[in-house]
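Dear colleague,

Please find the sequence and the structure below. My notes on the sheet, the ligand site, the cavities and the backbone follow.

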Amino acid sequence: MLYPEMNEARNIMDLGGAWLFRLDDGKHSEGYADPAFFDEANLMAVPAAYNDLNEDPAFRSHCGWAYYKRSFTIPRTLASERLVLRFDAVTHYAKVYLDGELVAEHKGGFLPFEVDATGKIVPGRESELIVAVSNRIDHSTLPMGNEEGTAFFGSDNADVPSVIAAKAWRKPVNLPNFDFFNYAGIIRPVRLYTTPKEYIQDISITTEVSGNDGIVSFDVETSVPGRVSITIEDREGKTVAAGSDKLVIKDAHLWWPYPGDPYLYKATVMFGSDVYTLNVGIRTVEVNGTGFLINGKPFYFKGFGKHEDSAIHGRGFDFVLDVKDISMIHWMNANSFRTSHYPYAEEMYDLCDREGIVIIDETPAVGIGGTSEDIYKVGRFQEHHRAIIHDLIKRDRNHPSVVMWSMGNEPDVVTFPDSAYDYWHSLYEYTKTLDKQCRPVTFVCNQNNYERDRITREMDVVCINRYYGWYNLSGDMDAACYALNLELDFWEKICKPVILTEYGADTLPGFHLSVPEMFSEEFQTMYYDRINSELDKRSFIIGEHPWNFADFSTIQGPMRADGNRKGLLTRDRRPKAAAHYFRKRWGDIPSFGYKET
Ligand code: GCB
């Protein structure tokens, strides 16, 4: 799906701002509110997660539908245009009503959807837009919520009669099977954009390198058959290639990750009176033995697992924060991150293309499990998961920064290993069919019985989250390193590239100790230094992603004091001591050829 663009053929109107808003009162469970329902409404910022924008505790703990409303009128001068209403992300389920008519329903909180509103929105006449949003999570949603009555962090004393009774008595609650706050609402921009009546529907590009030349192949879908013409300009604005599908750029500049030059060409696609421009980065990606090659050279991932998370905005789109995060990524001499645990706002991918930051692009399939039954049999998420992978690749396939797809994070793959194998193997094969650029495909596995897990080893790159020294062997870094090495001996025999996609220690900024114990800044730095020394001895380890880039909000519970504190940065992006440690370490580690023998 193409990102909305303003150019000589297309216009954009932003529908962000202060909308009317009301949490469901229990009488509109189907997700529809009549306009009179808004008589007692609050004001709500769009885009934003609604949870932290009101001091009524119901906003944070809400479970179910919430309603947004606004009116708008667009200029009469747009009468001859095609009009498209686009939502970049509504978390997790949306019903959209235009002047009382249901015009769209969308499941999944982190990918865009749009409605052709030509004829429904009449230029010069006021339109009323109501959006019903559900934040419900269960075994049919991704991320997944528990249905057996226990939240991620809390055993709830399962066999105590009074606790059982209280759980049955309380009003419905979301029980996330994942460790980030379930922020909800219209979290990304809402826009109305125009195209000519005959228009460019979609564009997919693939890039190859042949000798010194770059070959860029375009697959352009149009609303009606017709001739497409394409030009490519270099950074100076000089046309370097022209054609209709396969364009050759002589002596091409390749796109290189930071600190190399992330060179971008500008492609302009023309069809009738429609025009769409996009950045094109020419680079190759492949796995070879235990190497991950970008432009034929072995790349070393230095970076993080991240979240879209900040004070007040929650998970709401925040361009200021994204620019700051890119700056901090550069400051720490990092070169990559994983979009843990859901696709991020498209603006971030655009920044990464321009800044040379490499992305592992992850779906919101987190928390698959958490039940004593076989989740692959009792769950109702399978079709949805496929649809998400399909839509994710359609959205992000043209970004040179995206070098690998992650189908999900930490599913249960050991309780029912055969079901897990069948499920993930077929999903892997499906994902492979969708990407013409043939990027590597993976999923990220948790600390489990790696001998029993049959599927992680089948991924193109083995991505493992490990907390030796934190959740197990807590504080004992000698034992932690011993255990880690036993496991790494196992992975060495698998002969695949391995990335440590998570490892970390909760740390309270400003808590200092002379003897490094857990939660102190000294422990966090020592923990990383000890683990990294082991990683450095293994040539098949091709990346290190500490967990997490910054502290972030989670559900309340006995394991979390003011959220997850494993950030190298605080939630407001101030460095802890470990951030300085990594800045120095990564300054000394090249992005390419670090472990070449
Ligand atoms: C994990 C999860 C991540 C958590 C992290 C933790 O394995 O992938 O979502 O936040 O552990 O800190 O417990």
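Two strands are taken to pair if DSSP finds at least two bridges between them. Strands (E, at least two residues) and helices (H or I, at least four) are DSSP runs, numbered from the N terminus. On these terms, β20 and strand β21 (residues 291-294) run antiparallel and are joined by four bridges. Within this pair, N288 stands opposite G291 in β21.

As to the source, this is a predicted model, in which local features need pLDDT of at least 70 and side-chain atom pairs count only at pLDDT 80 or more, while totals for chains, interfaces and linings use all residues. Residues are numbered from 1 along each chain as its sequence is written, and side-chain values use heavy atoms, with hydrogens and water left out.

**Sheet**

The strands β20-β21-β22, in that order, form an open sheet of three strands with antiparallel pairing. Because β20 (285-288) and β22 (297-298) stand at the edges with a single partner strand each, one side of each has no neighbour in the sheet.

**Ligand site**

The ligand is surrounded by 13 residues, and the closest are D179, H341, E410, Y471 and K566; a residue counts here if one of its heavy atoms lies within 4 Å of the ligand. By class, this shell holds five charged, four polar and four nonpolar residues. Asp, Glu, Lys and Arg count as charged, Ala, Val, Leu, Ile, Met, Phe, Trp, Tyr, Cys and Pro as nonpolar, and the others, Gly among them, as polar.

- E502: a polar side-chain atom lies 2.7 Å from an oxygen atom of the ligand.
- N409: a polar side-chain atom lies 3.0 Å from a ligand oxygen atom.
- R560: an N or O atom of the side chain is 3.2 Å from an oxygen atom of the ligand.

On its own the ligand has 320 Å² of accessible area, and the protein covers 93% of it (Shrake-Rupley method, 1.4 Å probe).

**Cavities**

A cavity is a set of points, on a 1 Å grid over the protein atoms alone, where a 1.4 Å probe fits but cannot get out; its lining residues have an atom within 4 Å of a point. Grid points are joined across faces, edges and corners, and a volume is the space filled by probe spheres set on the points. There are four cavities of 30 Å³ or more. The largest cavity holds about 110 Å³ of space. Its lining has 15 residues, of which E308, G316, D318, L321 and D322 are the closest to its centre. Helix α3 (residues 319-331) gives the largest share, three residues.

**Backbone**

Most residues other than glycine have a negative phi, and most peptide bonds are trans. The bond joining L142 and P143 is cis, with omega about 5°; P143 lies in the loop between β10 (127-134) and α2 (161-169). The peptide bond from Y258 to P259 is cis, with omega near 5°, and P259 lies in the loop between β17 (246-249) and β18 (265-271). F519 has a positive phi, near 80°, and its place is in the loop between β29 (498-502) and α9 (521-535).

Yours sincerely

Notes: Polar contact = N/O pair within 3.5 Å; in protein donor to acceptor, adjacent residues only side chain to side chain. 1 Å grid on protein atoms, 1.4 Å probe; cavity = no way out; pocket = protein on both sides within 12 Å on 5 of 7 lines; lining within 4 Å.
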